[in-house]
Amino acid sequence: MIEIKLVVNDKPYTLEVEPSERLIDALRNRLGLLGTKEGCGEGECGACTVIMDGKTVNSCLVLAAQANGSVITSIEGVGNRRSPHRVQKAFVEVGAVQCGFCTPGMVLSAKNLLDKNSKPSNEEIGIAMSGNLCRCTGYDKILRAVKIAAEEGKE
Amino acid sequence: MKYFQPYSVEEAIEIAHASESTFLAGGTDLVLHMRTGKAQPSGLIDLGKISVLREIKEVDGFIEIGSMATFAELGNSELVAQNAYALWQACQSMGSPQIRNQATLGGNLGNCSPAADGLPPLLALGAEVHLISQEGEEFVPLSTLLSRTPLLGQNTLIRGFRIPITGWQSGFSKLGRRRALAIARLSVAVAVEINGTRVENVRVALGAVGRRAFLSESLGRELSGLELNGAWLEKGVLEVQQIVREALGARASAPYKRTAVSGVFREALASIITEGGTQA
Ligand SMILES: Cc1cc2nc3c(=O)[nH]c(=O)nc-3n(C[C@H](O)[C@H](O)[C@H](O)COP(=O)(O)OP(=O)(O)OC[C@H]3O[C@@H](n4cnc5c(N)ncnc54)[C@H](O)[C@@H]3O)c2cc1C
Ligand code: FES
Ligand code: FES
């Protein structure tokens with residue numbers, strides 16, 4: 001076991017992890033943050049997306065030990081029922097959520113884009129969301145929701 | 001399994017020398033290989049905390065790229081876009097945003113899949129690889145390194161790459177995603193030295209045609225010293241098909257790739273040859 005320190009959703013943690021343990025396992029099993037989903041487990045689907053030091057990564061491909069010293073945002077750190085993030089609001093309004101399995105990852109990719117770029121073009125939105133797959137909605141609504149959230153963010 | 005997280009290159013190669021451990025860069029290949037059992041390292045040396053390995057900078061007429069520079073960092077680098085356009089292009093189309101944020105150029109070479117996207121551009125651009133171990137340091141042309149088996153000694157760290165700033169123009173194109181069947185993948189990188197309307201020198205590299213990416217010297221020779229025009233492009237298409245034919249022989253993918261390569265080759269040149277002439 002090795003000791004790592006990291007900040008998750010603004011809270012500092014010190015954890016003992018196995019060297020081969022992935023970040024998604026540490027988030028789900030050690031911190032009980034079950035919002036991060038494991039879809040393919042191979043870096044293809046983006047369901048496990050979290051923001052690590054300001055960049056989206058697939059937490060199924062990062063070892064927990066690699067995240068030592070990092071600042072992580074998982075879906076639990078983005079908003080909640082009472083005060084949803086504007087991306088989450090837009091997803092609900094537009095109907096961009098069906099089974100919801102892809103949604104946490106989608107929301108994190110969209111949030112990270114808007115944090116960096118308050119006025120993304122359609123092309124920039126398309127690129128930012130291209131690592132997140134959805135089996136249900138057919139993407140139109142998802143892209144529209146991100147567009148709406150972006151509009152709302154501009155004053 | 002042991003896990004090391006050194007803060008300097010010296011420390012990393014010392015650990016590698018003493019422990020038979022495996023270097024870990026972004027982990028986009030290695031973490032998967034550990035899960036499938038394809039890789040069973042006795043220890044990992046995580047290079048992620050060695051900040052000098054992430055640098056991308058201009059030094060004495062070269063672009064120096066640390067092995068831990070990610071595809072996203074390279075794809076956002078003005079220096080790379082200006083002087084190594086083929087590499088910059090490869091960085092835009094590689095993987096997904098999440099993969100590009102994590103995957104490194106050093107790991108791309110370390111894993112050395114036949115379809116590694118970073119390698120054809122580096123070959124076409126005449127890159128050298130900076131290797132370092134307890135035994136010493138060396139700069140090896142990538143084309144030479146790719147003919148070695150095994151690619152690297154177990155204790156050898158890829159310190160980085162250097163690409164000469166030459167003013168050559170370059171381009172890259174690929175067919176097929178990573179998960180596409182091997183038969184449906186192909187990539188081409190081209191770098192040309194243009195003088196007025198003449199193509200003085202050419203380097204063409206191919207990926208996913210055979211075991212590792214390679215530079216075609218004969219193609220470079222055939223296409224050098226000619227006028228840059230439609231006839232030159234058509235000659236290039238015929239020659240590159242010939243190279244694929246020779247490289248793949250009777251393999252099942254040969255007929256498909258022989259045909260597909262002409263389109264990929266034309267696309268790789270699209271940023272260099274525009275309709276009606278050349279682009280600055
Ligand atoms: C979903 C998905 C999509 C992908 N798409 C693409 C694609 O489009 N194009 C493409 O080319 N690849 C693709 N890949 C493969 C992979 O992302 C790349 O090969 C990547 O560059 C590997 O880099 P890494 O930093 O993650 O390496 P790691 O996985 O950390 O390491 C890979 C290998 O290199 C060795 N190594 C790493 N760094 C060094 C060093 N400095 N010195 C010595 N040895 C070292 C490691 O020991 C290991 O054997 C994809 C992977 C996934 C999961
Ligand atoms: S579960 Fe990580 S990318 Fe699919
Ligand atoms: S809503 Fe079901 S996978 Fe996207």
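This tour visits a pair of helices in chain A and then the interface of chain A and chain B.

The model is predicted: local features need pLDDT of at least 70 and side-chain atom pairs count only at pLDDT 80 or more, while totals for chains, interfaces and linings use all residues. Residues are numbered from 1 along each chain as its sequence is written, chains are lettered from A in the order in which they are written, and side-chain values use heavy atoms, without hydrogens and water.

**The helix pair**

Select residues 86-94 of chain A, helix H2, together with residues 103-116 of chain A, helix H3 (helices are DSSP runs of H or I, at least four residues, numbered from the N terminus). Their axes come within 9 Å and cross at roughly 130° (axes are lines fitted to C-alpha atoms over the stretch in contact, with angles from 0 to 180 degrees between N-to-C directions).

Next, display the residues in contact (heavy atoms within 4.5 Å). H2(A) contributes Arg86(A), Val87(A), Gln88(A) and Phe91(A), and H3(A) contributes Thr103(A), Met106(A), Val107(A), Ala110(A), Lys111(A) and Leu114(A).

**The interface**

Now show both chains. Chain A brings 28 residues to the contact and chain B brings 26 residues. Between them the chains bury about 2000 Å², 51% of it on carbon and sulfur atoms (buried area is the accessible area, with a 1.4 Å probe, that two parts lose on being put together, summed over both). In chain A, select Glu44(A), Leu61(A) and Gln66(A): these lose the most area to chain B, together 29% of what that side buries.

Technical notes. Helix = DSSP H or I, 4+ residues; strand = E, 2+ residues; numbered from the N terminus.
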